[in-house]
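Please look over the fold of this protein chain. A short report follows the display.

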Amino acid sequence: MDNVFDYVADFYEQDPEWNSVLRQNYVDNYLRTKSWQGADNDRLMQIWEHITMLCIFLGNSENFLGDMRREDFIDCVGWCGRNVSDFPLDADHVADFLDTMADLYSHLQKKKVITKNNAPAEAKAKLIVDGKLQLLDSTGHFQSQVDRYNLYSTPDLPAKVFLNIGERLNDLMQSLQTYFSHSRFRRDVERANFLYGGVLLSGAAEEKPGTPEYLQCFWDYFLFDYHMIENDKIPLQHFYDEFCAGGFTRDGKVSRDVLLELLKAELVLFSVEGRTEDGLYSCINVFTGQDYMLMLPIGDDVDTKNMYFMGHIFYNNSMVMNCLRGTVLLPAAYKRFMKVMKDCKAYVALRNGGKLSWKEFIARYPIFLRHVSLLYAAFVRVDNFDYETNLPPEQLLPQPIRQDEITHCIAEMMRPFAFSAHDIFLAQTMWADFVHWSGKNVENILRREIWAAGIIDAFIWANGVYNYDSAQISTMCWGVPPQAFHRTSGEIKKALSMIKHDPRYINEEGLLILLLS
């Protein structure tokens, strides 16, 4: 939507009850008047945002349009600063908002909608003195010397309000896709494409590669779930740290608050239990039992029986991203699927003393959840997950990463190849475990590269994912002869009682291969 009147219409169509706060025809008439006076569309959009803020405040307070006094507008400004995204509480923005209100109220008085129009101007005179904001701090709370205002201030909402959230989400997603389409992220995008659609060697993505649906769902996975090669961050977090953490510079209509909200999004598999009269769906997280009330982008004719939806839920657990995958799992398949997921989680949780929440498991193994649910939905029979280890509990717990030459050598050897930051972390942890449990005297090691190569060889063997042969590992490891690193690798595996797909050192691809092996 590019026209301000389309946004107005959409606002009132989504909830006609806003007409009881401020009628749509009053708003349309006022905006047309401003347009005739020469306001361009950008200015009209700013005016509409101010009007939207007023409506939302009135809808969440005990005030009525025509009864607003000076103190009520002062309360409105503070409340909007605390509860509305992208409303900076500085003198310029507050003055602009109250000027809009003064002009709107003057217009409504001329139309005989209200009887008084002086409250916004009086509030501005109280709040803005010598070009500086008074009474309120930058967070929207009243300063200590006027604490009495807090006694009568309108209560805050559970979560911030985002004006024109659909447009801002689209703008943000386009900015993110443009940013990560740069050549410096080519390896990450290629690796994510492999994980998303090719790791099972069958193109096992639900959407057909090359279609708009595939691209939308791929970017949904990439931005929210994929862990980057260089730093193990999800791309959303990387983008935020690059541009927003040290003070946000606004780019168009992409707001820092929207990005922060998306960083709270959680990948969830849920079922639909029912639908309310106002079109919301009652949903349950199949793993945790958490309840959600969601507006889902599915048609009224969709039969949700035996359907399970996967998507990213955010905004105080009330919104879901547009890329929503619906999967049919019949009762028998669903039962087997849940057992496999629980068994896999318990297996990798061995590394954490058996403690691993569903949120933590899915955040670390998101593509595992996606592919396993797809396999069961496709009626592909997967054997039960019955892997275990006989290691004593204390030997399953990780040792702290060592700060020695071999630890650094492992990273230097692995980084130029197809290993992620998390892979390097797992390999370095293997070295720390080995030194601890073998009692190896690191000070007596003369050739660090032989032991680093042995760790890498053991890591590759344990995961069963990479197709490096001995000659390639030798090249990777600075020319260390295969017989040399086979000797150290064997010593490492023996000291740690390592097994194939060892839960201490398994990565996401290794877990998938383990399930299918």
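This is a predicted model: local features need pLDDT of at least 70, side-chain atom pairs count only at pLDDT 80 or more; totals for chains, interfaces and linings use all residues.

Residues are numbered from 1 along each chain as its sequence is written, and side-chain values use heavy atoms, with hydrogens and water left out.

**Whole chain**

The protein chain holds 22 helices and 8 strands. Helices (H or I, at least four residues) and strands (E, at least two) are DSSP runs, numbered from the N terminus. Along the principal axes, the C-alpha atoms fill a box of roughly 90 × 55 × 40 Å. Of the 517 residues, 51% are buried. Buried means under 20% relative accessible area, with a 1.4 Å probe and protein chains only. Take the contacts between residues at least 6 apart in sequence: 68% join residues at least 24 apart. Contact means heavy atoms within 4.5 Å.

Strand E6 spans residues 307-314 and is mostly covered, with 8 of its 8 residues buried. Two strands pair if DSSP finds at least two bridges between them. The pairings of E6 are listed here.

| Partner of E6 | Residues | Sense | Bridges |
|---|---|---|---|
| E3 | 266-275 | antiparallel | 6 bridges |
| E7 | 319-320 | antiparallel | 2 bridges |
| E8 | 325-328 | antiparallel | 4 bridges |

Ile-313 in E6 stands opposite Glu-266. Phe-309 stands opposite Gly-326 in E8. Phe-314 has Met-319 of E7 as its bridge partner. The hairpin of E6 and E7 has 4 residues between the strands, and Tyr-315 there takes a positive phi near 55 degrees.

**Helices H2 and H3**

How do the axes of H2 and H3 cross, and at roughly what angle? Helix H2 (residues 24-36) and helix H3 (residues 41-59) have axes that come within 11 Å and cross at roughly 150 degrees. Therefore H2 is roughly antiparallel to H3. Angles over 145 degrees count as roughly antiparallel. Axes are lines fitted to C-alpha atoms, for helices over the stretch in contact, and angles run from 0 to 180 degrees between N-to-C directions.

From H2, the contact is made by Val-27, Tyr-30, Leu-31, Lys-34 and Ser-35. H3 supplies Leu-44, Ile-47, Trp-48 and Ile-51. These residues divide into 7 nonpolar, 1 polar and 1 charged. Ala, Val, Leu, Ile, Met, Phe, Trp, Tyr, Cys and Pro count as nonpolar, Asp, Glu, Lys and Arg as charged, and the others, Gly among them, as polar.

Note on methods:
Buried means under 20% relative accessible area, exposed over 50%, partly exposed in between (1.4 Å probe, protein chains only). Angles under 35 degrees count as roughly parallel, over 145 as roughly antiparallel, 65 to 115 as roughly perpendicular and the rest as oblique.
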